[in-house]
Amino acid sequence: MKHGKKYQDSVKLIDHLNQYDPDQACELVLKTGKAKFDETVEISIRLGVDPRHADQQVRGAVVLPNGTGKVVRVLVFAKGDKAKEAQAAGADYVGAEDMIAKIQQENWFDFDVCVATPDMMGLVGRIGRVLGPKGLMPNPKSGTVTMDVTKAINDIKAGKVEYRLDKTAIIHCPVGKVSFGPQKLEENLHALMEAIIKAKPSAAKGTYLRSVYLSTTMGPSVRVNPLKF
């Protein structure tokens, strides 16, 4: 893949043989964000676990102290009082069978996160095949299957991010925007890394944090020293 001049200029700023401290990495990755839009800063963490084993899965959620910089649209599957509570808490969409039908019939996905009360999961399961591959299926581990819909919505709107291991033992997750500046970005980075370290499975052996890379949407990767977390 051929990269443009801006990308090539950004690459020159990085010593690829070096592992940068988190504060240095945050400053450096922001210098590589040269696009005309406010790029997202993302992290890629390779873990020393085997994702084929159920007891070595790493999954959870954390509220980033400075948010994600993104406006998140929340769909809540709920009925009765819980539906009213969700609307009062600021959910963008609230419904039950009507929302299921809209997704099935209109291929509607104008939302970023799904929350469901436990009694709705039988209904939501009908569209699990379409929600699952998009990472939208509500899950108790990430706090999106809950009776406390107000807290779930507030956390999501405040900057809650989900992290989960993929098949190659890597976690990909946003940690903010270029416009945040280095300090806010570093605070978010430490909050996420702390959560992932706490989520280390007891079955994991050897080095847990294998490699950590930061990058902007359009920029090259900066390697972060995993021993500094």
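Colleague: Which residue stands opposite V212?
Modeller: V224 in β9 stands opposite V212. This is a predicted model in which local features need pLDDT of at least 70 and side-chain atom pairs count only at pLDDT 80 or more, while totals for chains, interfaces and linings use all residues. Residues are numbered from 1 along each chain as its sequence is written, and side-chain values use heavy atoms, leaving out hydrogens and water.

Colleague: What makes β8 and β9 a pair of strands?
Modeller: Strands (DSSP E runs of at least two residues, numbered from the N terminus, as are helices, H or I runs of at least four) pair if DSSP finds at least two bridges.

Colleague: How many bridges join β8 to β1?
Modeller: β1 and β8 have seven bridges, in the antiparallel sense. Within β8, S215 stands opposite E42 and S211 stands opposite R46.

Colleague: In what order do the four strands of the open sheet lie?
Modeller: The order is β7-β1-β8-β9, with antiparallel pairing. β7 and β9 are called edge strands, as each pairs on one side only. Neighbouring strands are turned by 25° against each other on average, direction ignored. Axes here are lines fitted to C-alpha atoms, for helices over the stretch in contact, and angles run from 0 to 180 degrees between N-to-C directions.

Colleague: Which helix lies across β1, β7 and β8?
Modeller: That is α8 (residues 181-198), which runs at about 150° to β7.

Colleague: Why is β8 called largely enclosed?
Modeller: Six of the eight residues of β8 (209-216) are buried, so the rest of the structure largely encloses this strand. Buried means under 20% relative accessible area, exposed over 50%, partly exposed in between (1.4 Å probe, protein chains only).

Colleague: What makes V62 a buried residue?
Modeller: V62 has 14% relative accessibility and therefore counts as buried. V62 belongs to strand β2 (residues 59-63). Leaving aside neighbours within four places in sequence, V62 is in contact (heavy atoms within 4.5 Å) with residues including G159, V161, Y163 and A195. The C-alpha atoms of V62 and M193 are 9.8 Å apart, although 131 residues separate the two along the chain.

Colleague: Which of the two words, buried or exposed, applies to N107, and which to A169?
Modeller: N107 is exposed, because its relative accessible area is 58%. A169, at 6%, is buried.

Colleague: How much space lies in the largest pocket?
Modeller: About 870 Å³. A pocket is an open set of points on a 1 Å grid where a 1.4 Å probe fits, with protein on both sides within 12 Å along at least five of seven lines; lining residues have an atom within 4 Å of a point. The volume is the space filled by probe spheres set on the points, joined across faces, edges and corners.

Colleague: Which strand supplies the largest share of that pocket's lining?
Modeller: β6 does, with five residues. The lining has 29 residues, and D112, G135, V161, E162 and P174 lie nearest the centre.
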